[in-house]
Amino acid sequence: MNRLAGVTSPYLLQHAENPVDWWAWGPEAFEEARRRDVPILLSVGYSACHWCHVMAHESFEDQETADDLNAHFVSVKVDREERPDVDAVYMEAVQAATGQGGWPMTVFLTPDAEPFYFGTYFPPAPRHGMPSFRQVLEGVRHAWTDRRDEVAEVAGKIVRDLSGREISYGDSQAPGEQELSQALLGLTREYDAQRGGFGGAPKFPPSMVVEFLLRHHARTGAEGALQMAQDTCERMARGGIYDQLGGGFARYSVDRDWIVPHFEKMLYDNALLCRVYAHLWRATGSELARRVALETADFMVRELRTSEGGFASALDADSDDGSGKHVEGAFYVWTPAQLAEALGADDAGLAARYFGVTEEGTFEEGASVLQLPQQDEVFDAGRIAGIKERLLSRRGERPAPGRDDKVVAAWNGLAVAALAETGAYFDRPDLVEAAVGAADLLVRLHLDEQARLSRTSKDGQAGANAGVLEDYADVAEGFLALGSVTGEGVWLEFAGFLLDHVLVRFVDPGSGALYDTAADAEQLIRRPQDPTDNAVPSGWTAAAGALLSYAAHTGSEPHRTAAERALGVVKALGPRVPRFIGWGLAAAEALLDGPREIAVVATDPADPTSKTLHRTALLGTAPGAVVAFGTAGGGEFPLLADRPLRNGEPTAYVCRNFTCDAPTTDPERLRTALNGWNSTNQR
């Protein structure tokens, strides 16, 4: 056992028995490097990362490599999901120096944390023009010993360059019609009309962009926006990136056709996509969207929920193939012979046609990833359902992928929002209860007395790392959605506590720009600040969206002003790189629409007529609309104040931009008021 034996990160614990004398990130490691006058090897990854596992097996489990590292370096291992700030700062350096990045990330630092040599995966022997990891270690060691002045000069220049990379913020005005139309045009140019999605391989699910497209269509009636959203969602749902047996999405597709996934399943992808498909159903009534939203929600609850009520971070891509060897995708792929063994010859032939399983295979060694290819054959739905059930049961006998059990605050916030809304739309109170359970855990374990967030927890124990901007923003987003669904104003109150921290500790008071770390957080070689989406919405634009929703609920001018100023970066970047700022564009759509403020005053929250009016409000497609639900005179939500019942019946009030419609007791009138271009849809 090395120094990682006592940590809580599942990724770090995977390296606790390496012969490498690993240190966790912290001042002690840098002090040790100063004392020994050696450089630091910084290795960053995460538990579901396939190539992280490969490099660990090839190099970090190798005794000779470990001896080299232990003699000449201080080796520091970081879980990027626990320390996104450390990851962001050094990934920026890697990308600036090499033009690319990824994980595992391998960076060599001075004892003052200044980077001077970079890479990602290094093989154990020279391969494809890459030096071996041992060759890299030797080169770095000689440079440190023989050319120290040159190393110091390079490190200093890199730090100066990073420090000078302050974001060109543009102005503090949010984007308007022109910028959002330009963003839509840019997306149209990059759209893959044949396969759905944007760009080429590898293809990532564009959750945040689809949310923008749905909101843009709801506000403007632009059919092209809805078509791109629908076609992309259908292609993904029919592809191998979606688990056709167990529900849920893999991280990305290695090909343009969504067939072969990189098999790890991440909580954040599934939370975002569950919500997107629920919103697509809300806009179109698509049965496919309904099925995928519910199956993805059920996957999260079934396979990612922890015993404490939160949601685990990920399932690995690799698993035991039955021979003791860990193989990527082994849990998910099928050969015709395996289908026959599980189903018998007749049903196996039907399953092969239905799921696109071929003798040649669509993956490796004759195995196929299950998908739903477009075809003319009509299949018996009952027989297919039975086949899926039997295959899922047989798959359950295979060794399961490992699970990263740490609970990440931001990703749980995304899950709370998705499960709450999906449960409300489809009359699944169990999903709403799961959302409440996760929200309770976040309050109970991740929030301290000052409403400061811990980034992670595991096994009921909060981690030592402070929450970053995306944690505060996404948890606030989840609480706001949960409050709208449950009618419990305490969630609005908790969201306010978190967003007050955003205003005080994350916003630049001069420009209105946001930083990814708090002003009082650990000082790295630069303070990370990135408004663009990656696998999840950027903390910057997620905060803007949550601030806007909170302001709509409460009338708070400081929160609305902060949201508008933060969206200035979307005005600058939206027309230029719309694929990478989708959440900001979605928040801008909400701002242009108001957003609308809906108060549903109930006679009794359990009364069926009140519940129908409430559900109608939740199903409105108006971008970013907020919903308050409670009894007349109740103090749960500010929007309910001075809003009486009409003729003693449940009543809905809809306002935006300081103007209110006439109150209504009629669900159909409310539906029309909230759906705009989609008012003909009936649920």
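Which helix gives the largest share of the lining of the largest cavity? Helix 18 does, with five residues. The views below show a predicted model, in which local features need pLDDT of at least 70 and side-chain atom pairs count only at pLDDT 80 or more, while totals for chains, interfaces and linings use all residues. Residues are numbered from 1 along each chain as its sequence is written, and side-chain values use heavy atoms, with hydrogens and water left out.

View 1. A cavity is a set of points, on a 1 Å grid over the protein atoms alone, where a 1.4 Å probe fits but cannot get out; lining residues have an atom within 4 Å of a point. Grid points are joined across faces, edges and corners, and a volume is the space filled by probe spheres set on the points. By class, the lining comprises 22 nonpolar, nine polar and six charged residues. Here Ala, Val, Leu, Ile, Met, Phe, Trp, Tyr, Cys and Pro count as nonpolar, Asp, Glu, Lys and Arg as charged, and the others, Gly among them, as polar.

**View 2. The second largest cavity.** The volume of this cavity is about 120 Å³. Among its 15 lining residues, G240, Y242, D243, Y332 and V369 are the closest to the centre. Nine nonpolar, three polar and three charged residues form the lining.

**View 3. The nonpolar cores.** A nonpolar core is a set of buried Ala, Val, Leu, Ile, Met, Phe, Trp, Tyr and Cys residues joined through side-chain atoms within 4.5 Å. The largest core has 180 residues, and L213, Y277, F311 and V502 touch the most other members. Helix 11 contributes the most to this core, with twelve residues. Another core, apart from it, has 28 residues, including F30, V76, V94 and V159.

View 4. A418 is placed in helix 16. This residue counts as buried because its relative accessibility is 0%, where buried means under 20% relative accessible area, exposed over 50% and partly exposed in between (1.4 Å probe, protein chains only). Beyond its neighbours within four places in sequence, A418 is in contact with A271, C274 and R275; contact means heavy atoms within 4.5 Å. The C-alpha atoms of A418 and A271 are separated by 5.7 Å, although the two residues are 147 residues apart along the chain.

Notes
Helix = DSSP H or I, 4+ residues; strand = E, 2+ residues; numbered from the N terminus. 1 Å grid on protein atoms, 1.4 Å probe; cavity = no way out; pocket = protein on both sides within 12 Å on 5 of 7 lines; lining within 4 Å.
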